[in-house]
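Hi everyone, thanks for making time this morning. I'd like to walk you through one structure, so please have a look at it before I start talking.

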Amino acid sequence: CLDGEGKVHEFDSNWRTEDCNDCSCSTSGIRCCTGYATPVDYDKEKCESIFNKETCSYKVVEKNDHSKECPVHSWVG
């Protein structure tokens with residue numbers, strides 16, 4: 001399989017892209033999906049979500065104090 005960056009991958013191989021997508025190669029082609037969950041149900045007035053590309057995860061924190069995490073009631077991904 002040839003990915004969007006021009007790299008060749010063997011059949012039945014798996015990898016994670018720089019954009020945190022989990023991909024696999026099979027005889028039918030390449031399939032990719034997000035390798036992380038996105039927070040959708042939290043107090044958006046008081047809090048904000050911050051994506052960490054190194055850990056491929058979101059953290060939801062208070063806008064005025066990033067050391068305080070906010071509760072998240074629902075995630076998608």
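**Domains, disulfides and salt bridges**

Let's start with the overall division: the protein chain splits into domain 1 (1-35) and domain 2 (38-76), with bounds that come from an automatic or database domain assignment. Taken over C-alpha atoms, the centres of domain 1 and domain 2 are 28 Å apart.

A quick word on what we are looking at. This is a predicted model, where local features need pLDDT of at least 70 and side-chain atom pairs count only at pLDDT 80 or more, while totals for chains, interfaces and linings use all residues. Residues are numbered from 1 along each chain as its sequence is written, and side-chain values use heavy atoms, with hydrogens and water left out.

Now, the disulfides. How many does the structure hold? There are four, a disulfide being a pair of cysteine sulfur atoms within 2.5 Å. Counting bonded cysteines along the chain, the pattern is 1-4, 2-7, 3-5, 6-8. Cys33 takes part in no disulfide, and the nearest cysteine sulfur, that of Cys32, is 7.6 Å away.

Strands here are DSSP runs of at least two residues, helices (H or I) are runs of at least four, and both are numbered from the N terminus. Are these two cysteines buried or exposed? Cys1 is partly exposed, at 22% relative accessible area, whereas Cys25 is buried, at 2%. For the cut-offs, buried means under 20% relative accessible area, exposed means over 50%, and partly exposed is in between, using a 1.4 Å probe and protein chains only.

Next comes the disulfide between Cys23 and Cys32, also listed at 2.0 Å from S to S. Its torsion about the S-S bond is about 115 degrees, so the disulfide is right-handed. Cys23 counts as buried at 5% relative accessibility, while Cys32 counts as partly exposed at 46%.

For contrast in handedness, look at Cys47 and Cys70: their link is left-handed, with -85 degrees about the S-S bond. Cys47 lies in strand E5 (residues 47-52) and Cys70 in the loop between E6 and E7, so the pair ties together parts that are 23 residues apart in sequence. Both Cys47 and Cys70 are buried.

On to charges. The whole structure has five salt bridges, each a side-chain nitrogen of Lys or Arg within 4 Å of a carboxyl oxygen of Asp or Glu. Among them is Lys53 with Asp19, whose closest N and O atoms are 3.6 Å apart. That pair links places 34 residues apart: Lys53 in the loop between E5 and E6, and Asp19 in the loop between E1 and E2. Another of them pairs Glu5 with Lys7, with closest N and O atoms 3.6 Å apart.

Finally, a spot around Asp65. Its side chain meets that of Lys68 in a salt bridge of 4.0 Å, N to O. The side chains of Asp65 and Ser67 are also joined by a polar contact of 2.6 Å; such a contact is a pair of N or O atoms within 3.5 Å, where, within protein, one must be able to donate a hydrogen and the other to accept it, and residues adjacent in sequence count only if both atoms are side-chain atoms. Ser67 lies in the loop between strand E6 (57-62) and strand E7 (74-76), and Ser67 counts as exposed because its relative accessibility is 63%.
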